[in-house]
Amino acid sequence: MTTNCNKSGLNAKQRKMAEKLMDPSFKGTITSLCEEFNVARSTLYRWMEKSEFTDYLDALADKYANSELGTVWKALIKQCSKGDIQAIKLYFELRDAGRIDQKGAEVQIIDDI
């Protein structure tokens, strides 16, 4: 393993493999990913047992999900505008649960108790 690590504790190869694995446009298999980076599957699975690697995967998943949030909300509003009862119900459930405000922006609820 190389010593080129950032503050996440991962080396460059680990970061690049994680980024490719979590990229929504990646359509390959674990085998093809390992072959591309010249890493044994067993090594990748060993990395997946480490919290540093899985934390990085989680952060990437959040990043990709957040980048698509606007598109998802637009699609939901479009379905609401068409009269889709399920979409309207979902919108109000999310709003009433405090997940979104009246303008459709996400709101974080902080419990001070």
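1. N38 sits in the loop between helix 2 and helix 3 (41–47). Helices here are DSSP runs of H or I with at least four residues, strands are runs of E with at least two, and both are numbered from the N terminus. N38 has a positive phi of about 55 degrees, although N38 is not a glycine. N38 is also exposed, at a relative accessible area of 67%. Exposed means over 50% relative accessible area, buried under 20%, and partly exposed in between, with a 1.4 Å probe and protein chains only.

2. A word on the basis. This is a predicted model: local features need pLDDT of at least 70, side-chain atom pairs count only at pLDDT 80 or more, and totals for chains, interfaces and linings use all residues. Residues are numbered from 1 along each chain as its sequence is written, and side-chain values use heavy atoms, with hydrogens and water left out.

3. The overall fold. The protein has 6 helices and 0 strands. Along the sequence the pattern reads α-α-α-α-α-α. Of the 113 residues, 23% are buried. Contacts are heavy atoms within 4.5 Å. Among contacts with a separation of 6 or more, 34% join residues 24 or more positions apart.

4. The surface. Accessible areas come from the Shrake-Rupley method with a 1.4 Å probe; for residues, only the protein chains shown count as cover.

5. Salt bridges. How many does a search of the whole structure find? The search finds 2. The criterion is a side-chain nitrogen of Lys or Arg within 4 Å of a carboxyl oxygen of Asp or Glu. One of them pairs K20 with E36, with the closest N and O atoms 2.9 Å apart. K20 lies in helix 1 (residues 12–22) and E36 in helix 2 (residues 30–37), so this pair ties together parts that are 16 residues apart in sequence. K20 is partly exposed, with a relative accessible area of 29%. E36 is partly exposed too, at 48%.

6. The side chains of E93 and K89 meet in a salt bridge, at 3.9 Å from N to O. E93 and K89 are 4 residues apart in helix 6 (residues 85–96), so about one helical turn separates them. E93 counts as partly exposed, at 42% relative accessibility. K89 is exposed, with a relative accessible area of 54%.

7. Negative charge on the surface. Which residues gather in the patch? They are E52, D55, D58 and D62. Patches are made of residues with over 30% relative accessible area and no salt bridge; like charges are joined within 9 Å, and nonpolar side chains (Val, Leu, Ile, Met, Phe, Trp, Tyr) within 5 Å. Asp and Glu count as negative, Lys and Arg as positive, while His and the chain ends are not counted. The place of a charge is taken as NZ of Lys, CZ of Arg, CG of Asp or CD of Glu. E52 is found in helix 4 (residues 51–67). E52 is partly exposed, with a relative accessible area of 40%.

8. Y56 in helix 4. Y56 is found in helix 4. Is Y56 buried or exposed? At 17% relative accessibility, Y56 counts as buried. Beyond residues up to four places away in sequence, Y56 touches L10, R15, A18 and E19. Y56 and E19 are 37 residues apart along the chain, and their C-alpha atoms are separated by 8.8 Å.

9. Y64, also worth a look. Y64 lies in helix 4. Y64 is partly exposed, with a relative accessible area of 21%. Not counting residues up to four places away in sequence, Y64 touches E19, M22, D23 and P24. Y64 and D23 are 41 residues apart in sequence, with 7.6 Å from C-alpha to C-alpha. E19 is in contact with Y64 and with Y56.

10. A87 in helix 6. A87 has its place in helix 6. A87 is buried, with a relative accessible area of 8%. Leaving aside neighbours within four places in sequence, A87 is in contact with L76, Q79 and C80. A87 and L76 are 11 residues apart along the chain, and 6.2 Å separates their C-alpha atoms.
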